[in-house]
Amino acid sequence: PGCPLRGSLHGHHPRDCLFYLRDWDPPRLQRLLQVGLWGTWAPLNSPGTPQNHLGPPTPPGRCPVLEQKEFGATLRDEPCGKETIPGHAGLCRGHYSEYLVGLVNQHGLDPAPLYDLAELRTAAERHLP
């Protein structure tokens, strides 16, 4: 394809990668799930206890997903702690988006049907010879 890095060792992310979809807002990701799963998907109030939430209790209204945080020269797993948003399953926006992208990947959905013209052009230039 017309990649400016031609000749160098590098890789390209697939269209459904978190690298691209992390910038989509949650309603657009939800729409992709609804369209891709023929309307059978509905947002949950909670995705359950995130698998990586095994740490200390998190205050209400704060994201419980564990992240590795720096404390001086050491790293510790601590809850994210960012404010949660109503309708985002008890997670902050970033972790809710990651959760939705995980569902997109789990179901093998292609985001292209929801692309606007500029996104279609970019994808074509990136992935077509």
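1. In this predicted model, the second largest pocket holds about 200 Å³ of space. Its lining is made up of Arg15, Phe19, Tyr20, Leu21, Asp23, Trp24, Pro111, Tyr115, Glu119, Thr122, Ala123 and Arg126.

2. Which elements give two or more residues to the lining of this second largest pocket? They are α1, which spans residues 18-21, and α4, which spans residues 117-127; of the contributions to this lining, that of α4 is the most, at four residues.

3. Turning to the helix pair, α2 (residues 26-36) packs with α3 (residues 93-106) at an angle of about 15°, and the two axes lie 10 Å apart. Because angles under 35 degrees count as roughly parallel, α2 is described as roughly parallel to α3. The crossing of these two helices, α2 and α3, is left-handed.

4. On the α2 side, the residues that take part in the contact are Pro26, Leu29, Gln30, Leu32 and Leu33, and on the α3 side they meet Arg93, Tyr96, Ser97, Leu100, Val101, Leu103 and Val104. Sorted by type, the residues of this contact of α2 with α3 comprise nine nonpolar, two polar and one charged.

Conventions
Residues numbered from 1 in each chain as written. Predicted model: local features only at pLDDT ≥ 70, side-chain atom pairs only at ≥ 80, totals over all residues. Heavy atoms only, no water. Axes fitted to C-alpha atoms, helices over the stretch in contact; angles between N-to-C directions. Parallel < 35°, antiparallel > 145°, perpendicular 65-115°, else oblique. Left-handed = near helix turned anticlockwise from the far one by under 90°. Contact = heavy atoms within 4.5 Å. Nonpolar A, V, L, I, M, F, W, Y, C, P; charged D, E, K, R; others polar. 1 Å grid on protein atoms, 1.4 Å probe; cavity = no way out; pocket = protein on both sides within 12 Å on 5 of 7 lines; lining within 4 Å. Points joined across faces, edges and corners; volume = space filled by probe spheres on them.
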